[in-house]
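Hi,

Here is the structure I said I'd pass along. Have a look at it first, then read on for what turned up.

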Amino acid sequence: TKKALIIGSGIAGIAAAIRLAVKGFDVEVFEGNSYPGGKLSEIQLGEYRFDAGPSLFTLPEQVDAVFQLAGKEPKEYFAYDKLDVTCQYFWEDGTSLKAYADLNRFAKEVQSKLGEAELSIHEALRQSAFIYNSLAPLFMNRSLHRFDTWTNPLALKSYLRMGKLGIFSTMNEANQKQFTHPKLIQLFNRYATYNGSNPYETPATLNIIPHLEFNIGAFFPKKGMHDITQSLFKLSEELGVNYHFGQKVERVLVEAGVAKGIRAKGEDHYADLVVNNMDMVNAYKTILKDQRQPKLLLKQAKSSSALIFYWGVKRDFPELDLHNIFFSDNYPLEFEHIFKRGTIYEDPTIYLNITSTHKNDDAPAGCMNWFTMINVPNNQGQDWDQMIAEAKRNIIHKLNRILKTDVESLIEVEEILDPRTIESKTSSAQGALYGNSSNNKFAAFLRHANYSSSIKNLYFCGGSVHPGGGIPLCLLSAKIMTEMVEG
Ligand code: FAD
C-alpha cells in the first residue's frame, strides 16, 4: 500500500486523512500540538467548557459526507440540531431583533421592529441563493487550477450570469440597494466578517453567505463545536490513521522535484505522498523554505483576526441565546480601524456565543459560559497588551449599558485568545482566522492551489488554500485535494 504523511491535524488535515485512508493509503499525521483539531478545539476553565475557535456551524452535510464516504452512519458519530433562532441582535438604542430560521417569521420581525418591507428580506435571500447556486459548483467544489473547471458547462453558465453575481459592487453597496433601514444594512454587512473581510470593500458576491444561514440553516452540534473534529478524529483512528502528537514538522523532504517525506524531531519519515494542512505563508517560511516561493500568493492581505475573552459568568441572562451580537454605532469606522489603521475601535461590535444555552453542562447551574469576541486586525506587531486592556474595558462598558448589569463582578474565570496566541497555537500567519481576506474581487484566484505545481506528490488543504477558510470550505479543500490524488 501507498503511504501518505499529513502535516497538521486541523479539520482539513483530519478530513484528508480519512479520505486518503478510504482511498487505500496508509496514513500518518504529524501534529505540533498535543491534541487534534487545530483552531477547532476546546478549553476547560474550572467548571466551564468553551469551544475555543469556531462557533457557527453551517453546511453540516459536509461533515456527514465524510462519515458517509467511509461507509458509516453519520448520526452514530456526530449529532446536531438546527437552530430556531440563528442569531439575536442588540443595539445601544434599545432595539433588538431575532433572526428566526423561519424566513417568513424573520421578515415579519424585521417589518415590525424596523419598518422594513417583508419583501426586501425575501428578495435579498433569493439573490443570495442565486449567487450560491451559480458559484458554489464552480468555486467551492472544484479546483480553480485545472483547465476543465473553466470549460465545463457549469462554468459557461456562470459566465452568462456574471453581471448579476455582485462582482462589480461592494457588499455594502448591494445591501444599500436591497434595504432601506441602516440597521438592516448593518446586519447584512456583518456577513463579510464570516470570512474575515471588510463589507465596505469585499465584492457583493459574498452576499452568498446569508443563503447558508437563512435558506439552509445554522446548526449546533449536541456535544459542542469541538465534537466536529473529535468525531472525525475518532473515525480516522478507526480507519487506522496513525497520529504523532507533539511532533512539529521541520521540513518537507524534496528530491529532484518530488516530495519524498518529512522531517520531524530530527528524524526523516518517507512516503509516497505529502499533504500539508499548515498555513501556507508559514509553510513556505519553514517546512518549504528552500523551495520556489509563490510570491504573489504569499503577499496577499490576510483576513482579520479575533480577540476573545472566555468568561465564566455566575449569573443567568434569559434574554441571551446561543449567538448574540451587540452592534457598534459606527460600523464603517469599526472596519476602518480593523483593516486600515490596524487598531481596535473604541465601540466594537461584540459577539457573545453562549453554548450553555444549548448544552447545559458547559456551565454550572445558574451560570453561563461567555465566549466574548470582537473582530480585530491581524497581527502586525501592535502593542497587543495595551490594546487588549483597553478593548476589555470598552466591551464591559458596552455590555453593561445594553444588558443593564455589572459584567465585571460576574466574571469567575477568564482566559484570553488574541492574534499572537492564535498564531502560536495553530501557525496561522498573523493570527488570521480565514487565511487570505476576500477584500478584492480576485481573492478567489489568489489562494494557493491544492497541489504544488513545482513539487510532485505534494498537496495542500486547509483554510489558507483553495477554496478558503471556515469549516465547510476547509472540508471541501480536503475533498478537492484527495480527488486529485491517484489511488
Ligand atoms: P487549523 O485549524 O489552522 O490547524 C492547523 C494545524 O496544523 C494545527 O493543529 C497546527 O498545530 C498544525 N501545524 C501547523 N504547523 C505544523 C507543523 N509544522 N508540524 C505539525 N503540525 C503543524 N469557521 C467557521 O466555519 N465558523 C466559525 O464560527 C468560525 N469562527 C472562528 C473563530 C475563531 C476564533 C477562529 C480562530 C477561527 C474561526 N473559524 C470559523 C475558522 C476555522 O476555525 C478555520 O477556517 C478552520 O478551523 C481551519 O482549519 P485548518 O484545517 O485550516 O487547520
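A quick word on terms before the details: a residue is called buried under 20% relative accessible area, exposed over 50%, and partly exposed in between. Also keep in mind that this is a predicted model.

With those cut-offs, Val-22 counts as partly exposed, because its relative accessible area is 36%. Val-22 sits in helix 1, which covers residues 11–22. Together with Leu-69 and Leu-239, Val-22 makes up a nonpolar surface patch of about 200 Å² of accessible area.

Now the ligand. The shell around the ligand counts 35 residues, and the closest are Glu-31, Lys-39, Val-249, Gly-463 and Ile-471. Sorted by class, that shell holds 14 nonpolar, 17 polar and 4 charged residues.

- Glu-31 puts a polar side-chain atom 2.6 Å from a ligand oxygen.
- Gly-463 has a polar backbone atom 2.7 Å from an oxygen of the ligand.
- Asn-277 brings a side-chain N or O atom to 3.0 Å from a ligand oxygen.

On its own the ligand would expose 1000 Å², and the protein buries 95% of that. Which elements give two or more residues to the shell? They are helix 1, strand 2 (26–31), helix 15 (419–426) and helix 16 (471–484). Helix 16 gives the most, with 3 residues.

On to the charged pairs. Side chains of opposite charge can pair when their charged atoms come close. The model has 21 salt bridges, and these are some of them.

Arg-251 and Asp-290 form one, with their closest N and O atoms 2.7 Å apart. Arg-251 is in strand 10 (residues 249–255) and Asp-290 is in the loop between helix 11 (280–285) and helix 12 (295–298), so this bridge ties together parts 39 residues apart in sequence. Asp-290 is exposed at 54%, while Arg-251 is partly exposed at 23%.

Lys-392 and Glu-414 meet in another, again at 2.7 Å from N to O. Here helix 14 (residues 384–403) holds Lys-392 and strand 18 (residues 411–417) holds Glu-414, so the linked parts are 22 residues apart in sequence. Lys-392 is partly exposed at 21%, and Glu-414 is partly exposed at 36%.

Then there is Glu-42 with Arg-49, at 2.7 Å from N to O. Arg-49 is buried, with a relative accessible area of 6%, whereas Glu-42 is partly exposed at 33%. Both belong to a salt-bridge network that also includes Asp-51, Lys-359, Asp-361 and Asp-362.

Cheers

Terms used
Residues are numbered from 1 along each chain as its sequence is written. This is a predicted model: local features need pLDDT of at least 70, side-chain atom pairs count only at pLDDT 80 or more; totals for chains, interfaces and linings use all residues. Side-chain values use heavy atoms; hydrogens and water are left out. Patches are made of residues with over 30% relative accessible area and no salt bridge: like charges are joined within 9 Å, nonpolar side chains (Val, Leu, Ile, Met, Phe, Trp, Tyr) within 5 Å. Accessible areas come from the Shrake-Rupley method with a 1.4 Å probe; for residues, only the protein chains shown count as cover. A salt bridge is a side-chain nitrogen of Lys or Arg within 4 Å of a carboxyl oxygen of Asp or Glu. Helices (H or I, at least four residues) and strands (E, at least two) are DSSP runs, numbered from the N terminus. Buried means under 20% relative accessible area, exposed over 50%, partly exposed in between (1.4 Å probe, protein chains only). A residue is near a molecule or strand if one of its heavy atoms lies within 4 Å of it. A polar contact is a pair of N or O atoms within 3.5 Å; within protein, one must be able to donate a hydrogen and the other to accept it, and residues adjacent in sequence count only if both atoms are side-chain atoms. Ala, Val, Leu, Ile, Met, Phe, Trp, Tyr, Cys and Pro count as nonpolar, Asp, Glu, Lys and Arg as charged, and the others, Gly among them, as polar.
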